[in-house]
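Hi,

Here is the structure I promised to pass on.

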Amino acid sequence: MDKLDKINSITLSRGFFYPSAEIYKASSGFWTYGHLGTRIKHKWENIWRKSFLGLSPRYFEIDDCVIMPKKVFESSGHLEHFNDPLTECRKCHQRYRADQLVENATNKNAEDMTIEELDKAIEKNKIKCPKCKDDLSKIKIFNMMFPINVGATETNVMYLRPESAQSPYLAYKREFEAMRRKLPFGLATIGKVFRNEISPRQGFFRLREIVQAELQIFFDPKEITKCDNWDKIKSEKIRILKVGEKKIKDYTCAELLKQKIPKFYLYHMVRVQKFYVEDLQIPKQKFRFRELSEKERAFYNKIHFDMELDVDTLGGWKEFGGLHYRGDYDLTCHQKGSKQKMESVRIDGSRFIPHILELSFGVDRNVWALVDIFFKEGERDYIAFPLGIAPFDVAVFPLVNKKGLPEKAMEIFDSLRKEFNAFYDESGSVGRRYRRQDEVGTNFGVTIDFDTLEKGVVTIRDRDSMKQIRVDEGELVEVLRNLLGGLKFSKAGELVK
RNA sequence: GCGUGGAUAGUUCAACGGCUAGAAUUCUGGCCUUCCAAGCCAGCGAUCCGGGUUCGAAUCCCGGUCCGCGCACCA
């Protein structure tokens, strides 16, 4: 079994994630978070909140509807750009993007052409199926957004949002007032978004129902060159793969500033890297930013680096988030579409539409990455989740199932579960129970034996080293608190940093 | 969507058209057991769905669903 098979086997059989509605073999691209997966997801989300809402006392979270009016997506451009004009060969049924065929045939930009114009262009230029040279069908629009009929009539078409970013943009005007018209401020949101992928692949990586975590920061464009903590971060190194380069290099913020990346953007690059490397404790060599070329970038993104992780089971470096400087594109669109003013006024009376820096993360694939990156293969396969990420902090076992040990163990379990994510197990031998917990990444085991009854001492066992220490029952909570706070066992059995 | 391979227990696999669909592991109960998947006994548990061919189908055929891979798609 290779690593992917092992992880699939564990995530299915232990209840991390599995296909949604699997008893009906429903549809690909939809997954259920099981009882263990849900915990990891919540923990990832909470660490994310702590990291990014913690950046400023003026960053807050909102929680919006996933069904939104058509006009939102007319304004945002999604109805136009989330559409693919597809044409199909009448003989071999191969499908093509009509605009790409027209561009190839005419060497003209077909991006802004309407369906009718594209149909005409295909006819006029006698474009045939590139494969079998047969005729092509009339163009059909494939929309990546899921339409929803709201109410009893079919006239009120709404859409499931294809990205969560729209929510903060729509909330901007009211929140701006609520925040007493002061910039910058940030609106974060964690929630479901929906994309009707033609054929989602790669298991948990490309989904139709997705969880995104995003922070949208609204600011005066003049502030892009400013950073309060510049002295602290200017010598911080950021791991980047630049366009045209083959090797990842470390760049200091000061170097990047010379390359015309503004301070405000750099500050957030530093924070994002710290989120992965320090908060989630992902090994540094498995994280990088990747600079996107002009071609890859959406037209409204002035600066765009993706966050990438090196994940074996996904075949290497993949995108896990993006840091986008979107300029005033979004609020300008919504100002036009809604006829509501999004402008802000400076003290000197000059007016501007706030700019947006977007920190965007795909939660599902990040959760998968945690399982992959911390999975350890060897004589003993286990998941070395960092403290605070594993589904359970601690598991409690009676050494054997007799003479009052299970009762005592249950009593200790009850006292621990008030403060920790704790699990109780008395089935099978104690070794088997350790292994079961190793497999799902539980950080510590607490074993109750006859010394617990006679002398009041329990054993704590560390997942990674398999070392054990004995502590007084009365100190157990305090010791676990310290261990989960990052202290470690020393050789002498003392706790050290 | 096209092409291609596949779908058997919680998991990983086996079974030429023919005995009661077999194993490993997991899991459950019991015995034993003072610390790393030990042992012994017992038990639960499966042919994706719908048709067809046949005396007889997990196996062959048709349709559907889902999954893997390649192409395409992934503003």
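Ile-115 is partly exposed, because 15 other C-beta atoms lie within 10 Å of its own; the scale calls a residue buried at 20 or more such atoms, exposed at 12 or fewer, and partly exposed in between, with C-beta atoms placed from the backbone. Ile-115 belongs to helix H6, residues 115-124. Beyond its neighbours within four places in sequence, Ile-115 is in contact with Pro-85, Ile-139 and Ile-141, where contact means that the two C-beta atoms, placed from the backbone, lie within 7 Å. Lys-140 is 25 residues away from Ile-115 along the chain, with 8.4 Å between their C-alpha atoms.

Before you go further: this is a predicted model, in which local features need pLDDT of at least 70 and side-chain atom pairs count only at pLDDT 80 or more, while totals for chains, interfaces and linings use all residues. Residues are numbered from 1 along each chain as its sequence is written, and chains are lettered from A and ligands numbered from 1 in the order in which they are written.

Now the overall picture. Chain A has 16 helices and 28 strands; these are DSSP runs numbered from the N terminus, with helices being H or I of at least four residues and strands E of at least two. Of the 497 residues in chain A, 35% are buried. The chain is split into domain 1 (3-74 + 158-375), domain 2 (83-143) and domain 3 (392-496), with bounds from an automatic or database domain assignment. The centres of domain 2 and domain 3, taken over C-alpha atoms, are 65 Å apart.

Most residues other than glycine have a negative phi, and most peptide bonds are trans. Arg-181 has a positive phi of about 55 degrees and sits in the loop between H7 and S10. Arg-181 is exposed, because it has 10 other C-beta atoms within 10 Å. That loop, between helix H7 (166-178) and strand S10 (185-194), also holds Pro-184, which is joined to Leu-183 by a cis peptide bond with omega about -5 degrees. Lys-260 has a positive phi too, about 70 degrees, and lies in the loop between helix H9 (253-258) and helix H10 (263-279).

Last, a hairpin: S25 and S26 have five residues between them, and Met-466 in the turn has a positive phi of about 60 degrees. The strands run antiparallel and are joined by five bridges; pairing takes at least two bridges found by DSSP. Thr-459 has Arg-470 in S26 as its bridge partner.

Cheers
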